[in-house]
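Hi,

Here is the model I promised to pass on to you. Please have a look at it first, and then read my notes below.

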Number of protein chains: 2
Amino acid sequence: MAPNLSVAEENYIKSIYHLQQSYESVNTNALADHLKTRPASITDMLKKLQSKGLVQYNPYKGFKLSRDGNKAALIIIRRHRLWEVFLVDQLRFSWEEVHEVAEELEHVRSKKLIDKLDAFLGHPKFDPHGDPIPDSNGKISVRQQLPLSELPLNKQAVITSVQNQSTELLSFLTSQHIMIGTRLEVKRKLPFDNSIEIKFKNRQSLNISEQVANAIQVNPL
Amino acid sequence: MAPNLSVAEENYIKSIYHLQQSYESVNTNALADHLKTRPASITDMLKKLQSKGLVQYNPYKGFKLSRDGNKAALIIIRRHRLWEVFLVDQLRFSWEEVHEVAEELEHVRSKKLIDKLDAFLGHPKFDPHGDPIPDSNGKISVRQQLPLSELPLNKQAVITSVQNQSTELLSFLTSQHIMIGTRLEVKRKLPFDNSIEIKFKNRQSLNISEQVANAIQVNPL
DNA sequence: TTTATTTTTTAGATTTGCCTAAAAATAAAT
DNA sequence: ATTTATTTTTAGGCAAATCTAAAAAATAAA
């Protein structure tokens with residue numbers, strides 16, 4: 001029943017899943033962009049995924065994951081995020097280094113391995129970037145969170161995740177001692193560039209661009 | 001300088017390495033057999049490995065790993081055996097289950113990952129089957145060992161490794177409480193089938209076939 | 001509502017790794 | 001030393017996943 005997917009197929013499924021978080025239905029160019037490949041390749045692969053029942057594909061219209069496709073995506077994401085926890089918590093990688101290694105580890109297909117890893121790590125609910133880890137049934141804990149850019153002034157909050165996975169952003173944040181669990185509040189919003197001024201306990205305040213404020217997700221206290 | 005090898009190339013290199021342990025120079029059919037593929041495929045791939053400078057290949061004569069090929073093989077074997085230690089010591093896999101999972105994990109290419117894993121595991125020198133783990137420079141500890149079939153009568157010895165990787169053999173041994181570190185001596189050799197009778201401390205003795213006795217390596221005390 | 005632009009798909013090639021069947025080289029047997 | 005058998009290589013093809021260039025469809029603009 002669980003079809004054995006190639007690495008390429010897994011990557012397509014995973015990308016479609018991620019794009020669906022923001023767009024509901026995904027189009028060819030966006031996926032080509034995300035996978036750093038060409039639109040023609042997308043069309044080819046989508047026909048295959050369609051025939052395997054993993055996506056609903058309307059030529060020229062767009063596509064979304066089927067129920068099975070969604071299930072498959074959650075398995076891959078579970079693997080990825082559990083490996084990230086392992087790399088950071090056990091092997092002492094820093095959080096900005098783990099993504100590309102986890103990209104490879106996520107394709108090792110052994111349910112037993114992942115379930116044992118999960119137990120070994122103490123069934124973590126969130127990965128080092130604060131993203132939720134699907135359990136072995138594909139259930140994901142949701143957590144009330146909003147982008148830092150939308151946090152009301154002077155409201156205490158905790159950073160719960162960072163959306164953008166680029167090494168540049170993550171090491172900038174690390175250099176500023178900004179990480180998952182950091183407490184902060186917004187002191188000012190500057191309308192001309194939408195940048196914001198944030199303040200940590202016992203630390204001087206810091207100005208952050210709109211883009212960065214959008215990538216940081218917080219949980220108001 | 002360190003060429004990026006495909007999974008297929010890595011598997012060829014690794015198989016040639018293993019076959020070279022017993023035969024010095026390897027021939028096409030033996031490798032085809034070992035890799036469960038066809039001789040024609042071997043010829044194809046060997047031309048490629050030759051052109052990458054990883055093997056010395058004499059058409060119709062046989063082939064062996066070059067210095068670079070040997071280096072590459074040791075890296076792959078290091079990965080494989082470290083993952084086996086992780087699976088058994090940390091994730092509590094039994095030693096007969098780990099081989100096929102490690103076959104996949106060994107192809108994750110990140111030097112940093114492996115060196116950190118090595119440190120995390122406490123720089124183990126041997127894997128759960130007793131095989132030596134190359135260090136990050138490719139050095140392997142050697143250990144005086146001989147097949148159980150060649151151990152003299154009534155000489156105490158410790159099991160140091162088990163050569164045959166088949167699940168059947170490994171679970172048979174496990175069921176008889178025979179594992180790395182087990183002490184034993186040979187009580188009788190039966191000439192008509194070359195089976196041997198072995199004796200453990202405080203346990204009744206056991207008869208073992210020639211094939212099994214060949215797969216078990218021991219270190220005489 | 002035509003025309004222009006953008007998006008998507010088709011057509012045809014390429015690379016990697018494998019295959020079968022046939023030919024060539026080597027080794028073994030008479 | 002021939003013939004026979006075995007081993008290895010070549011020749012030609014196939015499937016997966018990619019690509020470029022061109023055609024077709026959908027969308028936006030004039």
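**The surfaces near the DNA**

DNA strand C is surrounded by 20 residues, and the closest are N27(A), N29(A), A40(A), S6(B) and A40(B). A residue is called near a molecule or strand here if its C-beta atom, placed from the backbone, lies within 6 Å of it. Two or more residues each come from α2 (28-34) and α3 of chain A, and from α1 (7-23) and α3 of chain B. The biggest contributor to this surface is α3(B), which gives five residues. By class, the surface near DNA strand C has eight nonpolar, eight polar and four charged residues. For the classes, Ala, Val, Leu, Ile, Met, Phe, Trp, Tyr, Cys and Pro count as nonpolar, Asp, Glu, Lys and Arg as charged, and the others, Gly among them, as polar. The helices (H or I, at least four residues) and strands (E, at least two) are DSSP runs, numbered from the N terminus.

Before going further, a word on the basis: this is a predicted model, in which local features need pLDDT of at least 70 and side-chain atom pairs count only at pLDDT 80 or more, while totals for chains, interfaces and linings use all residues. Residues are numbered from 1 along each chain as its sequence is written, and chains are lettered from A and ligands numbered from 1 in the order in which they are written.

Around DNA strand D there are 19 residues, with S6(A), A40(A), N27(B), N29(B) and A40(B) the closest. Here the elements with two or more residues are α1 and α3 (39-51) of chain A, plus α2 (28-34) and α3 (39-51) of chain B. The largest share, five residues, belongs to α3(A). This surface divides into eight nonpolar, seven polar and four charged residues.

**Helix packing and the core**

In chain A, helix α1 (residues 7-23) packs against helix α4 (residues 67-90) at an angle of about 100 degrees, and their axes are 9 Å apart. The axes are lines fitted to C-alpha atoms, for helices over the stretch in contact, and angles run from 0 to 180 degrees between N-to-C directions. The pair α1(A) and α4(A) is therefore roughly perpendicular, on a scale where angles under 35 degrees count as roughly parallel, over 145 as roughly antiparallel, 65 to 115 as roughly perpendicular and the rest as oblique. From α1(A), the residues E10(A), I13(A), K14(A) and Y17(A) meet G69(A), A72(A), A73(A), I76(A) and I77(A) of α4(A). Two residues are in contact if their C-beta atoms, placed from the backbone, lie within 7 Å. Six nonpolar, one polar and two charged residues make up this contact of α1(A) with α4(A).

L31(A) sits in helix α2 of chain A and is buried, with 23 other C-beta atoms within 10 Å. A residue is buried if 20 or more other C-beta atoms lie within 10 Å of its own, exposed if 12 or fewer, and partly exposed in between, with C-beta atoms placed from the backbone. Not counting residues up to four places away in sequence, L31(A) touches S15(A), I16(A), L19(A), V26(A) and I42(A).

The largest nonpolar core has 62 residues, of which L87(A), I216(A), L87(B) and I216(B) touch the most other members. Such a core is a set of buried Ala, Val, Leu, Ile, Met, Phe, Trp, Tyr and Cys residues joined through C-beta atoms within 7 Å. Leaving out residues up to four places away in sequence, L87(B) touches F93(B), V98(B), V101(B) and A102(B).

K116(B) lies in helix α6 (residues 111-120) of chain B and is partly exposed, with 17 other C-beta atoms within 10 Å. Apart from its neighbours within four places in sequence, K116(B) is in contact with L91(A), R92(A) and F93(A).

For E24(B), phi is near 70 degrees; E24(B) is in the loop between α1 and α2 of chain B, and counts as exposed with 9 C-beta neighbours inside 10 Å.

Best wishes
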